Amino acid sequence: SQVKCNGTPTDAITFGTPNTGGTITYTWTNDQPSIGLAATGTGDIPSFTAINAGTAPVVATIVVTPHFGNGSVTCDGPTKTFTITVNPTAQVEALANQVICNNAPTLPIVFNTINTGGTTTYTWTNDLSSIGLAATGTGDIAAFTAVNTGNAPLIATISVTPHFTFGGLTCDGPSKTFTITVDPTPQVIPSILTQTICNNGNTNIIIGSPSTF
(Lines give C-alpha, C1' and ligand atoms only; values in the text may rest on other atoms or scores of the structure.)
Protein backbone atom coordinates (compact mmCIF):
# COMPACT_ATOMS: atom_id res chain seq x y z
CA SER A 1 0.00 0.00 0.00
CA GLN A 2 1.04 3.60 -0.58
CA VAL A 3 0.30 6.95 1.04
CA LYS A 4 0.92 10.04 -1.11
CA CYS A 5 0.36 13.77 -0.96
CA ASN A 6 -1.97 15.51 -3.38
CA GLY A 7 -0.10 16.43 -6.56
CA THR A 8 2.82 14.02 -6.04
CA PRO A 9 3.72 10.94 -8.14
CA THR A 10 2.86 7.46 -6.95
CA ASP A 11 5.30 4.54 -7.01
CA ALA A 12 5.01 2.34 -10.09
CA ILE A 13 3.25 -0.96 -9.32
CA THR A 14 4.63 -4.14 -10.91
CA PHE A 15 2.78 -7.44 -10.49
CA GLY A 16 4.68 -10.70 -10.12
CA THR A 17 4.05 -14.41 -9.56
CA PRO A 18 6.03 -17.55 -8.74
CA ASN A 19 4.10 -19.48 -11.44
CA THR A 20 5.97 -20.68 -14.53
CA GLY A 21 5.19 -22.69 -17.65
CA GLY A 22 2.45 -20.43 -18.94
CA THR A 23 1.50 -16.82 -19.43
CA ILE A 24 0.40 -14.69 -16.48
CA THR A 25 -1.75 -11.61 -17.05
CA TYR A 26 -3.42 -9.34 -14.56
CA THR A 27 -6.59 -7.28 -14.44
CA TRP A 28 -7.44 -4.81 -11.73
CA THR A 29 -10.19 -2.53 -10.46
CA ASN A 30 -9.99 0.73 -8.51
CA ASP A 31 -12.94 1.95 -6.42
CA GLN A 32 -11.75 5.58 -6.29
CA PRO A 33 -10.85 6.82 -9.80
CA SER A 34 -10.88 10.38 -8.43
CA ILE A 35 -7.29 9.79 -7.25
CA GLY A 36 -6.14 9.90 -10.89
CA LEU A 37 -6.16 6.17 -11.64
CA ALA A 38 -8.70 4.56 -13.99
CA ALA A 39 -11.51 2.42 -12.56
CA THR A 40 -10.22 -0.69 -14.39
CA GLY A 41 -7.10 -1.75 -16.19
CA THR A 42 -4.78 -4.57 -17.23
CA GLY A 43 -1.14 -5.21 -16.50
CA ASP A 44 1.18 -3.17 -14.33
CA ILE A 45 0.21 0.27 -13.05
CA PRO A 46 2.73 2.96 -14.00
CA SER A 47 3.41 5.95 -11.78
CA PHE A 48 0.75 8.65 -11.95
CA THR A 49 0.08 11.96 -10.23
CA ALA A 50 -2.08 11.38 -7.16
CA ILE A 51 -5.07 13.71 -6.85
CA ASN A 52 -7.12 14.75 -3.85
CA ALA A 53 -8.92 18.06 -4.28
CA GLY A 54 -10.93 17.57 -1.08
CA THR A 55 -10.32 18.17 2.61
CA ALA A 56 -9.93 14.59 3.91
CA PRO A 57 -7.78 11.59 2.92
CA VAL A 58 -9.08 9.45 0.04
CA VAL A 59 -8.34 5.72 0.31
CA ALA A 60 -8.57 3.83 -2.99
CA THR A 61 -8.75 0.04 -2.89
CA ILE A 62 -7.22 -1.74 -5.88
CA VAL A 63 -8.23 -5.38 -6.42
CA VAL A 64 -5.91 -7.44 -8.65
CA THR A 65 -6.91 -10.72 -10.33
CA PRO A 66 -4.23 -13.02 -11.86
CA HIS A 67 -4.90 -15.13 -14.96
CA PHE A 68 -2.75 -18.14 -15.89
CA GLY A 69 -2.89 -19.08 -19.54
CA ASN A 70 -1.57 -22.36 -20.97
CA GLY A 71 -2.70 -23.80 -24.27
CA SER A 72 -6.29 -22.82 -24.83
CA VAL A 73 -7.19 -22.64 -21.12
CA THR A 74 -6.97 -19.61 -18.84
CA CYS A 75 -7.31 -20.15 -15.11
CA ASP A 76 -8.10 -17.33 -12.73
CA GLY A 77 -6.55 -17.10 -9.30
CA PRO A 78 -7.66 -15.49 -6.04
CA THR A 79 -7.59 -11.70 -5.95
CA LYS A 80 -5.33 -9.59 -3.78
CA THR A 81 -5.91 -6.02 -2.70
CA PHE A 82 -3.85 -3.02 -1.73
CA THR A 83 -4.61 0.63 -1.16
CA ILE A 84 -3.40 3.99 -2.40
CA THR A 85 -4.16 6.76 0.10
CA VAL A 86 -3.98 10.34 -1.11
CA ASN A 87 -3.77 13.01 1.56
CA PRO A 88 -5.26 16.45 0.90
CA THR A 89 -3.12 19.54 0.63
CA ALA A 90 -2.62 21.02 4.11
CA GLN A 91 -4.62 24.22 4.68
CA VAL A 92 -4.80 27.03 7.24
CA GLU A 93 -7.59 29.57 7.52
CA ALA A 94 -6.81 33.25 6.93
CA LEU A 95 -5.95 35.33 10.00
CA ALA A 96 -6.79 38.92 10.85
CA ASN A 97 -4.09 41.55 11.22
CA GLN A 98 -3.60 43.23 14.60
CA VAL A 99 -2.61 46.78 15.56
CA ILE A 100 -1.38 47.10 19.15
CA CYS A 101 0.03 49.90 21.31
CA ASN A 102 3.47 49.61 22.86
CA ASN A 103 3.33 47.63 26.15
CA ALA A 104 -0.22 46.40 25.41
CA PRO A 105 -1.11 42.69 25.11
CA THR A 106 -1.82 41.17 21.71
CA LEU A 107 -4.81 38.93 21.08
CA PRO A 108 -4.12 35.18 21.15
CA ILE A 109 -3.69 33.72 17.67
CA VAL A 110 -5.39 30.36 17.08
CA PHE A 111 -4.82 28.54 13.80
CA ASN A 112 -7.67 26.57 12.18
CA THR A 113 -8.20 24.41 9.11
CA ILE A 114 -11.07 22.97 7.09
CA ASN A 115 -9.23 19.66 6.66
CA THR A 116 -10.45 16.55 8.51
CA GLY A 117 -9.46 12.93 8.87
CA GLY A 118 -5.89 13.59 9.93
CA THR A 119 -3.82 15.88 12.12
CA THR A 120 -2.92 19.42 11.09
CA THR A 121 0.01 21.15 12.74
CA TYR A 122 1.44 24.59 12.11
CA THR A 123 4.86 26.22 12.01
CA TRP A 124 5.42 29.96 11.69
CA THR A 125 8.09 32.57 11.19
CA ASN A 126 8.20 36.21 12.31
CA ASP A 127 10.41 38.69 10.46
CA LEU A 128 10.58 41.22 13.32
CA SER A 129 11.27 39.58 16.68
CA SER A 130 11.87 42.98 18.34
CA ILE A 131 8.09 43.30 18.84
CA GLY A 132 8.34 40.66 21.58
CA LEU A 133 7.55 37.53 19.51
CA ALA A 134 10.13 34.85 18.70
CA ALA A 135 11.47 34.55 15.16
CA THR A 136 10.06 31.02 14.75
CA GLY A 137 7.59 28.77 16.51
CA THR A 138 5.08 25.94 16.28
CA GLY A 139 1.36 25.82 17.07
CA ASP A 140 -0.86 28.67 18.22
CA ILE A 141 0.62 31.98 19.36
CA ALA A 142 -0.31 32.95 22.90
CA ALA A 143 -0.96 36.59 23.80
CA PHE A 144 2.24 38.53 24.50
CA THR A 145 3.17 42.09 25.46
CA ALA A 146 3.93 44.06 22.30
CA VAL A 147 7.14 46.12 22.33
CA ASN A 148 8.08 49.23 20.36
CA THR A 149 10.62 51.57 21.98
CA GLY A 150 11.05 53.68 18.85
CA ASN A 151 9.12 56.57 17.35
CA ALA A 152 7.47 54.87 14.36
CA PRO A 153 5.16 51.87 14.00
CA LEU A 154 6.78 48.44 13.71
CA ILE A 155 5.12 45.99 11.30
CA ALA A 156 5.93 42.31 11.82
CA THR A 157 4.89 39.83 9.14
CA ILE A 158 4.06 36.34 10.41
CA SER A 159 4.02 33.51 7.85
CA VAL A 160 2.15 30.32 8.83
CA THR A 161 2.68 26.95 7.11
CA PRO A 162 0.20 24.08 7.68
CA HIS A 163 1.23 20.40 7.79
CA PHE A 164 -1.33 17.59 7.33
CA THR A 165 -0.41 14.15 8.68
CA PHE A 166 -2.23 10.88 7.94
CA GLY A 167 -1.05 7.33 7.35
CA GLY A 168 2.47 8.16 8.49
CA LEU A 169 2.94 10.84 5.81
CA THR A 170 3.02 14.60 6.35
CA CYS A 171 1.98 16.89 3.51
CA ASP A 172 2.70 20.61 3.57
CA GLY A 173 0.32 23.28 2.33
CA PRO A 174 0.71 26.86 1.14
CA SER A 175 1.65 29.48 3.72
CA LYS A 176 -0.55 32.38 4.72
CA THR A 177 0.62 35.65 6.23
CA PHE A 178 -0.74 38.29 8.56
CA THR A 179 0.78 41.29 10.33
CA ILE A 180 1.10 42.59 13.86
CA THR A 181 1.65 46.34 13.93
CA VAL A 182 2.98 47.84 17.17
CA ASP A 183 2.50 51.58 17.49
CA PRO A 184 5.06 53.55 19.53
CA THR A 185 4.21 55.41 22.70
CA PRO A 186 3.58 58.96 21.42
CA GLN A 187 5.85 61.72 22.74
CA VAL A 188 5.41 65.47 22.91
CA ILE A 189 8.29 67.96 22.86
CA PRO A 190 7.67 71.73 23.11
CA SER A 191 10.01 73.96 21.15
CA ILE A 192 10.86 75.89 24.35
CA LEU A 193 11.19 74.07 27.66
CA THR A 194 11.48 77.21 29.83
CA GLN A 195 10.80 80.84 28.95
CA THR A 196 11.06 84.14 30.75
CA ILE A 197 9.15 87.05 29.25
CA CYS A 198 8.05 90.53 30.25
CA ASN A 199 4.53 91.41 31.35
CA ASN A 200 2.35 91.67 28.21
CA GLY A 201 5.02 89.88 26.15
CA ASN A 202 4.12 87.20 23.60
CA THR A 203 4.93 83.57 23.99
CA ASN A 204 5.77 81.43 20.96
CA ILE A 205 5.79 77.77 21.90
CA ILE A 206 5.47 75.16 19.15
CA ILE A 207 4.35 71.70 20.22
CA GLY A 208 6.06 68.93 18.24
CA SER A 209 6.74 65.21 18.44
CA PRO A 210 9.29 62.76 17.04
CA SER A 211 6.55 60.15 16.85
CA THR A 212 5.19 59.26 13.42
CA PHE A 213 1.97 57.41 12.63
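These are my notebook entries on a predicted model of one protein chain.

**Ground rules.** I number residues from 1 along each chain as its sequence is written, and my side-chain values use heavy atoms, with hydrogens and water left out. Since I am reading a predicted model, local features need pLDDT of at least 70 and side-chain atom pairs count only at pLDDT 80 or more, while totals for chains, interfaces and linings use all residues.

**Entry 1, the elements.** I looked up the secondary structure and found zero helices and 14 strands. Here helices (H or I, at least four residues) and strands (E, at least two) are DSSP runs, numbered from the N terminus. Read from that end, the order is β-β-β-β-β-β-β-β-β-β-β-β-β-β. The radius of gyration is 32 Å, well over the 17 Å that the globule rule gives for 213 residues, so the chain is more spread out than a compact globule. That radius is taken over C-alpha atoms, and the globule rule is 2.2 Å times the number of residues to the power 0.38. I also noted that the C-alpha trace spans about 130 × 20 × 20 Å along its principal axes.

How many of the 213 residues count as buried? I got 33%, where buried means under 20% relative accessible area, exposed over 50%, and partly exposed in between (1.4 Å probe, protein chains only). Next I looked at contacts (heavy atoms within 4.5 Å). Among those between residues at least 6 apart in sequence, 62% join residues at least 24 apart.

I searched for disulfides, meaning pairs of cysteine sulfur atoms within 2.5 Å, and the count came to one. C5 and C171 form it, with their sulfur atoms 2.0 Å apart. The pair links distant parts of the chain: C5 sits in strand 1 (residues 2-5) and C171 in strand 11 (residues 169-172), 166 residues apart. Both cysteines of this pair are buried, and their link is left-handed, with -95 degrees about the S-S bond. I checked two further cysteines as well: C75 is partly exposed at 44% relative accessible area, whereas C198 is exposed at 64%.

Where does I205 lie? I found I205 in the loop between strand 13 (189-190) and strand 14 (207-208). I205 is partly exposed, with a relative accessible area of 43%.
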